[in-house]
Amino acid sequence: MQQIQRDFPLQALNTFGLPALADRYVVVDSVAGLQALVRAGALAGTAQLVLGGGSNVIFGGDFNGLVLKVAIKGRRLVREDDEAWYVEAGAGETWHDFVRWTLQQGWPGLENLSLIPGTVGAAPIQNIGAYGLEMCARFESLDAVDLGSGESRHMDAPACRFGYRDSVFKGEAAGRYLITSVVFRLPKSWQPITGYADVARELEAQGIAQPDALQVSDAVIAIRSRKLPDPAVLGNAGSFFKNPVVDMPTFARLEAAHPGLPHYAQPDGRQKLAAGWLIEQAGWKGRDLGPVGAFEKQALVLVNRGGARGEDVRRIAEAIRADVRARFGVELEAEPVFV
């Protein structure tokens, strides 16, 4: 069983670079070790926070409880059939490294999700997505440990209740489980997803008409590298707000008032709007409020200009939400979790 540490600093473990101390902190590097912690009563009677790569958490201050730092490694081909490869990764694997590894093995399917920060275990919680692909489209199953009982649970896609940047782990099962590994179904009848304009333009600029999966990944990496700041240089949590999805009457009203409004039709007939465009039109691109600002290359990303604390992030997020609401009548929802 791993040793629990007291008053552990978390600033280096969240990509926004916010100062915070964990009252108690432990590294979880195996299922058996986690279950031993539960059996020993280490989790009883205290708040818990499961921490992956720290790219989707905003610390408002010190955490008065136990932080479980997920460090379970491993990646392997579980099986294959005529239609797909089934590939498993430990929850503590870095997401981008795992994506590139699958591509190098000749198993396409995750390339559009390249360079998304965080760990494999966090991907199902958020149902991460980018450039026309959501993780749930490649998801097969996951294993998790119930933090109350220590029992292992195997969960398929219906049990996870995936939605847009959502899952059961953000709703009724929030805080109940620690995901230990995830299996992805990577299709053998692969076709590139290049419908997003940025991806199409990047491939065209490189003279690639029929890209393979690695070339799509390279294009996504190039796009994200230009648009998004490196957290090691400028603290951030990636895209800070979800792209809002609105019904057709709301969309018709907005399109009439703003003819250039970017939008993406959804299967249920609603329209997804570009939150970054809404924020930019509200005057926030490149604008700071105290030590936190909206990044000058992508208004959807809030950045730590230096010395920011959790309350500074909350202040600018609420100011942006209020301005977008006033200008467009649209509510923005933050992607990161405030702790």
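Contact here means heavy atoms within 4.5 Å. With that in hand, here is a quick tour of a predicted model, in which local features need pLDDT of at least 70, side-chain atom pairs count only at pLDDT 80 or more, and totals for chains, interfaces and linings use all residues. Residues are numbered from 1 along each chain as its sequence is written, and side-chain values use heavy atoms, with hydrogens and water left out. Helices (H or I, at least four residues) and strands (E, at least two) are DSSP runs, numbered from the N terminus. Buried means under 20% relative accessible area, exposed means over 50%, and partly exposed is in between (1.4 Å probe, protein chains only).

**Helix α2**

- Start with α2 (95-104): 8 of its 10 residues are buried, so the rest of the structure largely encloses this helix.
- The buried ones are Trp 95, His 96, Phe 98, Val 99, Arg 100, Trp 101, Thr 102 and Leu 103.
- These residues pack against β6, β7, α3 (123-126), β12 and α6.
- Just past the helix, Gly 106 takes a positive phi of about 85°.

- Two strands count as paired if DSSP finds at least two bridges between them.
- Strand β6 (residues 75-80) pairs with β7 in the antiparallel sense over 5 bridges, and the two form a hairpin with 3 residues between them.
- β7 also pairs with β12, again antiparallel, over 7 bridges.

**Helix α6**

- Helix α6 (residues 213-227) has 15 residues and spans 21 Å from first C-alpha to last, close to the expected 21 Å (1.5 Å times one less than the number of residues).
- A side-chain oxygen of Asp 212, at the start of α6, comes within 3.2 Å of the backbone nitrogen of Leu 214.
- Its buried residues are Ala 213, Val 216, Ser 217, Ala 219, Val 220, Ile 221, Ile 223 and Arg 224.
- They pack against α2, β8 (129-130) and α5 (197-205).

**The nonpolar cores**

- A nonpolar core is a set of buried Ala, Val, Leu, Ile, Met, Phe, Trp, Tyr and Cys residues joined through side-chain atoms within 4.5 Å.
- The largest one has 42 residues, and Trp 95, Phe 98, Met 135, Leu 142 and Phe 184 have the most contacts inside it.
- At least two residues of this core come from each of β7 (84-90), α2, β10 (139-146), β12 (177-187), α5 and α6.
- Apart from this core lies another, of 32 residues, including Leu 254, Ala 299, Leu 302 and Ala 317.
- Setting aside neighbours within four places in sequence, Trp 95 is in contact with a list of residues that includes Leu 110, Ile 116, Val 120, Ile 128, Met 135 and Phe 184.

**The four-stranded sheet**

- Here 4 strands make an open, antiparallel sheet in the order β13-β19-β18-β17.
- β13 (235-239) and β17 (288-289) are the edge strands, each pairing on one side only.
- β13 is joined to strand β19 (residues 301-304) by 3 bridges, running antiparallel, with Ser 239 partnered by Val 301.
- β18 and β19 are antiparallel too, over 3 bridges, and Gly 293 has Val 303 as its bridge partner.
- A hairpin through 6 residues joins β18 to β19.
- Both faces of β19 are covered, with Val 301 and Val 303 buried on one side and Leu 302 and Asn 304 on the other.
- Helix α9 (residues 310-328) lies across β17, β18 (292-294) and β19, at about 35° to β18; axes are lines fitted to C-alpha atoms, for helices over the stretch in contact, and angles run from 0 to 180 degrees between N-to-C directions.

**An exposed spot**

- Ala 256 sits in helix α7 (residues 248-257) and is exposed, with a relative accessible area of 64%.
- Ala 256 and Leu 186 are 70 residues apart in sequence and 41 Å apart in space, C-alpha to C-alpha.

Definitions and conventions
Polar contact = N/O pair within 3.5 Å; in protein donor to acceptor, adjacent residues only side chain to side chain.
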